[in-house]
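Trainee: I would like to go through this model with you, starting with its aromatic rings. Please show it first.

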Amino acid sequence: MSADGFRGSRSIRQLRDIPDSKQRDEIERSLAFGLEAAPSVQDRTISTFSRGHQPAFAGINTFLKAPYIEDVHEVGRHEVAVVGAPFDMGTTYRAGARFGPQAIRRISALYDSYSVDMAVDLQEELDLADVGDIFVIPSNLEKSFDQIDRALSFLTARGVFPVVLGGDHSIGYPNVRGIAPHVDGKVGIIHIDRHIDIQERDMDERMHTTPWFHATNIPNAPPTNLVQMGIGGWYGSRPGVRVARDRDTTVLTISDIEEIGVEKAAEAALEVAWKGASAVYLSFDIDSVDAGFVPGTGSPEPGGLLPREALKLLRLVAREGLCGMEVVEVAPPYDVSDMTALMACRAVMDVLGTLVSEGKLGGRKQTTPAPAPVA
């Protein structure tokens with residue numbers, strides 16, 4: 001096989017056609033706002049005060065150091081809005097996911113938005129902004145749900161693709177509740193998790209074990225368009241399984257994915273979620289990944305997806321387009337070397353990169369990929 005047949009070779013050629021205008025604008029802004037560097041510094045793109053992506057360990061972090069939108073009325077000028085939902089009062093075991101948005105943003109500074117594997121440059125090809133965090137009410141589930149619902153509704157009404165950094169999984173319900181009224185037709189839901197999270201109540205409240213019971217009570221988000229992937233383990237499934245059976249939802253266990261493969265699992269999920277639907281929402285619980293790779297979560301479960309499998313699954317289900325996504329259950333107090341926050345960050349970046357490469361977001365036109373050269 002010739003070198004031209006490798007994805008890397010094709011990606012390198014494709015990346016050549018992506019401009020670097022935003023990178024150059026950032027350098028000019030950094031020099032204007034942060035002063036030129038000391039005379040001894042040979043690289044004259046470096047400023048005295050850090051105002052851009054580098055150094056990765058410096059600066060005040062937004063997600064990928066994207067522009068911070070203090071006045072949310074200006075958010076409609078952007079394509080994608082990252083928003084934190086730092087809420088973990090729906091947690092039934094280990095709290096700490098309220099610190100998830102901060103951790104994900106902080107570690108996102110490691111990345112520069114440029115992917116050789118995907119042939120995408122998020123900085124250049126996507127108008128991404130960070131609107132900060134939703135003001136949740138720590139002692140009150142229902143008031144926090146109302147706040148989250150209002151925030152997601154506001155963003156969606158302005159044509160912005162929302163990326164929600166959780167927070168525990170209870171926020172899945174208000175996220176869908178905020179988006180669904182703005183979708184003309186049915187909303188499908190692809191839920192990647194180790195836990196089924198579809199019982200009606202847990203300890204008499206709508207906790208992180210219950211979001212999909214209530215989300216699928218929304219008139220245009222029917223349970224028949226809900227797909228739950230990676231379910232298994234030994235915790236918290238008994239009440240939810242009864243509901244899933246009664247409501248005729250689609251459940252793929254981790255064994256299903258292992259047996260049929262990630263590609264066929266994604267194909268099955270897309271078929272169900274999109275059946276008669278106008279949009280699909282993606283919910284990614286970090287504990288769907290084997291606990292050995294993501295220790296920083298509230299309900300860790302061994303035997304889940306490997307990181308590479310999880311990222312591939314996310315890319316495959318994103319190819320048809322999404323109306324929004326969430327990454328939940330990152331609990332930094334239990335994390336090791338930022339492993340869990342890193343995986344959450346990569347999940348968002350891989351989904352956004354897929355949406356760009358498939359022409360669902362950004363400036364690319366949808367095209368049929370050229371066949372790979374034959375050796």
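Trainee: How many aromatic pairs does a search of the whole structure find?

Mentor: This is a predicted model, in which local features need pLDDT of at least 70, side-chain atom pairs count only at pLDDT 80 or more, and totals for chains, interfaces and linings use all residues. Residues are numbered from 1 along each chain as its sequence is written, and side-chain values use heavy atoms, with hydrogens and water left out. Rings of Phe, Tyr and Trp (its six-membered ring) pair if their centres lie within 6.5 Å; planes under 30 degrees apart count as stacked, over 60 as edge-to-face and the rest as tilted. On that basis, the aromatic pairs found in the whole structure number two.

Trainee: What kind of aromatic pair do Phe87 and Phe145 form?

Mentor: The ring centres of Phe87 and Phe145 are 6.4 Å apart and the planes are at 70 degrees. Phe87 lies in the loop between β1 (80-85) and α3 (100-108) and Phe145 in helix α5 (residues 141-157), so the pair ties together parts 58 residues apart in sequence. Helices (H or I, at least four residues) and strands (E, at least two) are DSSP runs, numbered from the N terminus. The pair of Phe87 and Phe145 is edge-to-face.

Trainee: Is Phe145 buried or exposed?

Mentor: Buried means under 20% relative accessible area, exposed over 50%, and partly exposed in between (1.4 Å probe, protein chains only). Phe145 has a relative accessible area of 1%, so this residue is buried.

Trainee: Which helix holds Tyr173, the residue that pairs with Phe145?

Mentor: The rings of Phe145 and Tyr173 have centres 5.9 Å apart and planes at 85 degrees, so this pair is edge-to-face. Phe145 lies in α5, and the two residues are 28 apart in sequence. Tyr173 belongs to helix α6 (residues 172-179).

Trainee: Which residues form one aromatic cluster?

Mentor: Phe87 is buried at 1% relative accessible area, and Tyr173 is buried at 9%. The aromatic cluster is formed by Phe87, Phe145 and Tyr173.

Trainee: How many residues of α6 are buried?

Mentor: The buried residues include Gly172, Pro174 and Arg177. They pack against α5, β5 (161-166), β6 (186-192), α7 (211-215), β9 (277-285) and β10 (324-328). Helix α6 is largely enclosed by the rest of the structure, because its buried residues number eight of the eight.

Trainee: At what angle do the axes of α3 and α12 cross?

Mentor: Axes are lines fitted to C-alpha atoms, for helices over the stretch in contact, and angles run from 0 to 180 degrees between N-to-C directions. The axes of α3 and helix α12 (residues 339-357) come within 8 Å. Angles under 35 degrees count as roughly parallel, over 145 as roughly antiparallel, 65 to 115 as roughly perpendicular and the rest as oblique. These two helices are therefore roughly perpendicular, crossing at roughly 75 degrees.

Trainee: Which residues does Ser299 touch?

Mentor: Ser299 sits in the loop between β9 and α11 (307-318) and is buried at 8% relative accessibility. Contact means heavy atoms within 4.5 Å. Not counting residues up to four places away in sequence, Ser299 touches Tyr93, His195, His208, Tyr235 and Asp287.

Trainee: What is omega for the cis peptide bond that joins Gly166 and Gly167?

Mentor: Most peptide bonds are trans. Gly167 lies in the loop between β5 and α6. For the cis bond between Gly166 and Gly167, omega is about 20 degrees.
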